[in-house]
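Subject: Structure handover and what was found

Hello,

Here is the structure we talked about. Please open it and keep it in view while you read the notes below.

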Amino acid sequence: MTSTPSPHPSGTHSTHLIHATAEISLSTCFCSGEYDGLGRRSGLGHQVWHDGVEFAGDFKAGLAQGYGREAYPDGSIYLGQMKANARHGIGKYTSPTGVVYIGEWFEGMRHG
């Protein structure tokens, strides 16, 4: 893991604003990307679970937050907005058979 302290507004360095990039292999998943000073994914990242589910996109405080892409072993794909690890906002879901839903999501469920 490499880290570079970010300057604090006063010109000193703060350990709470460390920016790090790492690749970590855990028993449940493989994670790579940017981390904050508390060791949580923050910024762009990529996570692959051992069951083959994959997420690439924005993280904040360890959660998928912002824009990203979820891909599943069955071939289904979600591309869109995320909030607190759930589909939330505008997104596109493509099923394994090619059926497409483009629209609103709310807390992980189609909405609209």
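The notes go from the overall fold to the strands, the pocket and the aromatic rings.

First, the ground rules. This is a predicted model, in which local features need pLDDT of at least 70, side-chain atom pairs count only at pLDDT 80 or more, and totals for chains, interfaces and linings use all residues. Residues are numbered from 1 along each chain as its sequence is written, and side-chain values use heavy atoms, with hydrogens and water left out.

**Overall fold**

The protein chain has 0 helices and 10 strands. Helices (H or I, at least four residues) and strands (E, at least two) are DSSP runs, numbered from the N terminus. Along the sequence the pattern reads β-β-β-β-β-β-β-β-β-β. The chain has 112 residues, and 31% of them count as buried. Buried means under 20% relative accessible area, exposed means over 50%, and partly exposed lies in between (1.4 Å probe, protein chains only).

Two strands pair if DSSP finds at least two bridges between them. Start with β3 (residues 29–35). It pairs with β4 in the antiparallel sense, over 6 bridges. Phe30 stands opposite Val48 of β4. The two strands form a hairpin with 5 residues between them, and Gly39 in the turn has a positive phi of about 80 degrees.

Now move on to β5. β4 and β5 are also joined by 6 bridges, in the antiparallel sense. Here His46 faces Ala56 in β5. This hairpin has 4 residues between the strands, and Gly52 takes a positive phi near 100 degrees.

**The largest pocket**

Where is the largest pocket lined? Among its lining residues are Arg41, Trp49, Phe55, Phe59, Tyr72 and Asn85. The elements that give two or more residues to this lining are β4 (41–49), β5 (54–60) and β6 (63–71). The pocket has a volume of about 160 Å³. By class, the lining has 7 nonpolar, 2 polar and 3 charged residues.

You will need three definitions here. On a 1 Å grid over the protein atoms alone, a pocket is an open set of points with protein on both sides within 12 Å along at least five of seven lines, and lining residues have an atom within 4 Å of a point; a cavity is a set of points where a 1.4 Å probe fits but cannot get out. Grid points are joined across faces, edges and corners, and a volume is the space filled by probe spheres set on the points. Ala, Val, Leu, Ile, Met, Phe, Trp, Tyr, Cys and Pro count as nonpolar, Asp, Glu, Lys and Arg as charged, and the others, Gly among them, as polar.

**Aromatic rings**

How many aromatic pairs does the structure hold? There are 4. Rings of Phe, Tyr and Trp (its six-membered ring) pair if their centres lie within 6.5 Å; planes under 30 degrees apart count as stacked, over 60 as edge-to-face and the rest as tilted.

Take Phe55 and Phe59. Their ring centres are 5.3 Å apart and their planes stand at 85 degrees, so the pair is edge-to-face. Phe55 is buried, at 4% relative accessible area. Phe59 is buried too, at 6%.

Tyr101 and Trp105 form another edge-to-face pair, with 5.4 Å between centres and 85 degrees between planes. Tyr101 counts as buried at 15% relative accessibility, and Trp105 does so at 4%. Ring pairs link Tyr78, Tyr93, Tyr101 and Trp105 into a cluster.

Two arginines sit over these rings. Arg87 lies over the face of Trp105, 5.1 Å from the ring centre. Arg110 lies over the face of Tyr101, at 4.9 Å. The test is that NZ of Lys or CZ of Arg is within 6 Å of the ring centre and within 35 degrees of the ring normal.

β8 (residues 86–94) and β9 (residues 100–106) pair in the antiparallel sense over 6 bridges. Thr94 stands opposite Val100. Their hairpin has 5 residues between the strands, and Gly98 takes a positive phi near 95 degrees.

β9 then joins β10 (residues 109–110) through 2 bridges, again antiparallel. Phe106 has Met109 as its bridge partner. In this hairpin, with 2 residues between the strands, Glu107 takes a positive phi near 50 degrees.

Best wishes
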